[in-house]
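Reader: I have not looked at this one before. Can we go through it together?
Author: Fine, ask away.

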There are 2 protein chains.
Amino acid sequence: MSRKIDRPGLTTAPASTRDRLVAAGIELFQRQGMAATGIKQILAMADARFSSLYHHFPGGKDELAAEVIRTAGVGYQRHVEQVWDQAAGTVASMSAVFEGAAAVLELSDYADVCPVGTVAMEVASTNEPLRLATADVYRSWLDAAQARFSAAGLDTREARQLSLTVVALLEGAFVVCRACRSTEPMLAAGQMAARLVNEALRK
Amino acid sequence: MSRKIDRPGLTTAPASTRDRLVAAGIELFQRQGMAATGIKQILAMADARFSSLYHHFPGGKDELAAEVIRTAGVGYQRHVEQVWDQAAGTVASMSAVFEGAAAVLELSDYADVCPVGTVAMEVASTNEPLRLATADVYRSWLDAAQARFSAAGLDTREARQLSLTVVALLEGAFVVCRACRSTEPMLAAGQMAARLVNEALRK
């Protein structure tokens with residue numbers, strides 16, 4: 001694993017075996033999804049043994065996957081909130097978040113995305129506990145975005161609609177950008193998100 | 001497989017073994033993605049033999065997967081174009097497309113989505129021929145949307161930006177809707193897409 005760029009949600013040198021297992025899960029789920037990722041591959045990347053996996057995650061791969069989803073979701077949310085809150089106003093935040101995502105995609109050769117979207121699609125109809133884990137992540141992202149839009153002066157309904165739109169745009173743009181190996185969808189999504197927020201605030 | 005609703009891109013009773021294999025691939029990839037879908041599961045659903053698979057798809061699962069992506073992409077595009085073109089104008093098209101997608105999600109218990117997004121995320125960093133197949137689908141969708149926005153009177157740049165935004169919104173809303181088992185993200189995305197198109201046309 002030679003990529004060295006800063007990855008949202010991943011500390012660079014996880015100390016404990018548990019942290020290494022989760023970090024390996026995040027990295028592998030990002031690149032290839034959950035189903036394609038075998039336990040042995042996770043153990044090899046984490047430099048861990050079978051016994052450690054079942055010590056930390058008695059439920060095995062599913063329990064580790066739930067923790068991967070939760071940790072990746074929290075990490076990515078923290079990253080986006082930092083970018084959002086450092087920008088000069090809510091409209092500028094949209095550009096900053098989407099342009100930042102585009103930059104990370106390009107720097108990582110289109111591999112670094114929050115793995116939640118991929119896993120969400122894989123498990124939505126087949127694994128209810130993991131679906132719930134992905135739903136928790138999205139609810140947390142939506143609440144955080146909605147709170148920021150409300151704080152900027154939008155009414156509850158508008159703040160909610162915009163938060164749903166921005167999260168959907170971000171997740172969808174990741175899909176199209178990775179498929180097309182282009183940042184154009186993410187940059188266009190950011191411009192349209194900024195336009196929507198600008199219009200909403202002017203009303 | 002007891003779901004009986006009309007599924008975009010799937011004929012109800014595929015006649016040939018080849019068509020049954022592709023239809024089974026679409027159905028299984030929709031629900032669980034590509035990696036979780038084994039050849040044996042596809043053969044069982046298609047009521048086909050190993051020898052038939054390799055007769056029609058000498059490249060095995062990957063060659064079948066490329067055809068699944070292509071067929072699902074064409075089928076879903078045709079479905080969306082029909083909904084789009086039957087609506088009363090470009091703004092109404094947005095509502096129709098997203099409300100239609102929300103209705104299909106709800107009717108299918110959040111299982112029926114175009115499988116292209118799931119597979120795109122699974123293969124983007126690991127399988128270049130299949131990534132290219134997903135990119136071809138998105139390029140075709142983007143071109144079709146852009147042509148419609150241009151025909152409605154928008155300039156090339158605006159038509160392109162809106163097409164990227166609408167495709168990203170649709171793909172991302174599928175992810176969040178399935179994870180949260182709610183049509184709210186799709187309906188919000190549709191309202192915001194309609195708002196963007198309305199504002200663009202008024203300029």
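Reader: Where does Asp47(A) lie?
Author: This is a predicted model. In it, Asp47(A) sits in the loop between helix 2 (39–46) and helix 3 (50–56) of chain A.

Reader: And what is phi there?
Author: Asp47(A) has a positive phi, near 50 degrees, and is not a glycine. Most residues other than glycine have a negative phi.

Reader: Is Asp47(A) buried or exposed, and why?
Author: Asp47(A) counts as exposed because it has 11 C-beta neighbours inside 10 Å, and the cut-off for exposed is 12 or fewer.

Reader: What about Tyr110(A), what is its phi?
Author: Positive too, at about 65 degrees, and Tyr110(A) is not a glycine. Tyr110(A) belongs to the loop between helix 5 (90–107) and helix 6 (116–123) of chain A.

Reader: Buried or exposed?
Author: Tyr110(A) is buried, because 21 other C-beta atoms lie within 10 Å.

Reader: Which residues touch the most other members of the largest nonpolar core?
Author: That core has 140 residues, and Ile69, Val167 and Ala189 of chains A and B touch the most other members.

Reader: What is Ala189(A) in contact with?
Author: Leaving aside neighbours within four places in sequence, the contacts of Ala189(A) include Phe98(A) and Leu169(A), and also Leu164(B) and Ala168(B).

Conventions
Residues are numbered from 1 along each chain as its sequence is written. Chains are lettered from A and ligands numbered from 1 in the order in which they are written. This is a predicted model: local features need pLDDT of at least 70, side-chain atom pairs count only at pLDDT 80 or more; totals for chains, interfaces and linings use all residues. A nonpolar core is a set of buried Ala, Val, Leu, Ile, Met, Phe, Trp, Tyr and Cys residues joined through C-beta atoms within 7 Å. A residue is buried if 20 or more other C-beta atoms lie within 10 Å of its own, exposed if 12 or fewer, and partly exposed in between; C-beta atoms are placed from the backbone. Two residues are in contact if their C-beta atoms, placed from the backbone, lie within 7 Å. Helices (H or I, at least four residues) and strands (E, at least two) are DSSP runs, numbered from the N terminus.
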